[in-house]
Amino acid sequence: MKMTGENSSGNSEITMDDVKNLIKKKDDIEEQIKAYYDVLEDQGVGVEGPLVDAEGYPRADVNLYQIRTARHNISCLQNDHKAIMAEIEEALHKLHAREKAKRERDEAEAQVEAMEQQVTLPPPFARVDAVTQGSPACRAGLSVGDEVTEFGSVNTQNFQNLQNIAAVVQHSEGKPLRVTVFREGQKVQMSLTPQRWSGRGLLGCNIVPINR
């Protein structure tokens, strides 16, 4: 049985559809083999039954041409079946190998990205040590332990003291500020709008400087 080049070529990318097509061909071959076995059963001779009588003459009670054709086709189809089973096994092996390689590549890229993020993130200049429930800071998503690398116009390069943050907050009442923090090894960005609320101040959180 001659297989198409798209599946037998070692240079082509095997897909799950290719495997499904091979399995369908295998099923078709098995159906054909069964049909020819049914022919032999109908004739009452099977695959090995004699086609000559006791005196050595061709049997007259069976269709010899039909039997010989069925036996020949069964032999050919069994070879085809063996070949396509090997092809299915190889295709599955290639598919699994490629999926494993892709998984390993994705994991490696994720590790590199995480390392790059750690390298490129500026060092934090302040840490959040308290957030009041229901406050603007709480609603924005700020959490205790967050390490601040950007608070509006204040960043690692220009931060001097907490008065820098206080000044930005006072001048930004009702206006969203971009806040970037470092949380559990990940960079997190949020929008924080200083505004009046039921508690003290405009934020509802306490920020302390990080001594570097």
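Select phenylalanine 159 to begin: its relative accessibility is 12%, so it counts as buried (under 20% relative accessible area; over 50% is exposed, in between partly exposed; 1.4 Å probe, protein chains only). The model is predicted, with local features needing pLDDT of at least 70 and side-chain atom pairs counted only at pLDDT 80 or more, while totals for chains, interfaces and linings use all residues. Residues are numbered from 1 along each chain as its sequence is written, and side-chain values use heavy atoms, without hydrogens and water.

One aromatic pair is counted (rings of Phe, Tyr and Trp, the last by its six-membered ring, with centres within 6.5 Å; planes under 30 degrees apart are stacked, over 60 edge-to-face, the rest tilted). The ring centres of phenylalanine 125 and phenylalanine 159 are 4.6 Å apart and the planes meet at 25°, so this pair is stacked. Phenylalanine 125 sits in the loop between helix 3 (64–120) and strand 1 (126–131), and phenylalanine 159 in the loop between strand 3 (154–155) and helix 5, so the pair ties together parts 34 residues apart in sequence. Helices (H or I, at least four residues) and strands (E, at least two) are DSSP runs numbered from the N terminus.

Next, select helix 5 (162–171), which, like strand 6 (205–209), supplies at least two residues to the lining of the largest pocket. Helix 5 gives the most, five residues. A pocket here is an open set of points on a 1 Å grid over the protein atoms alone, where a 1.4 Å probe fits, with protein on both sides within 12 Å along at least five of seven lines; lining residues have an atom within 4 Å of a point. The largest pocket holds about 370 Å³. Its lining has 13 residues, with Gly201, Leu202, Leu203, Cys205 and Asn206 nearest the centre.

Move to helix 2 (residues 16–43). Its 28 residues reach 41 Å from first C-alpha to last, close to the expected 40 Å (1.5 Å times one less than the number of residues). Its buried residues include Asp18, Lys26 and Leu40. After helix 2 comes glycine 44, with a positive phi near 75°.

Glycine 49 lies in the loop between helix 2 and helix 3. Glycine 49 has a relative accessible area of 16% and is buried. From its C-alpha to that of cysteine 205, 156 residues away along the chain, the separation is 93 Å.

Finally, colour by domain: domain 1 (16–119) and domain 2 (126–209), with bounds from an automatic or database assignment. Their C-alpha centres lie 66 Å apart.

Key: Grid points are joined across faces, edges and corners, and a volume is the space filled by probe spheres set on the points.
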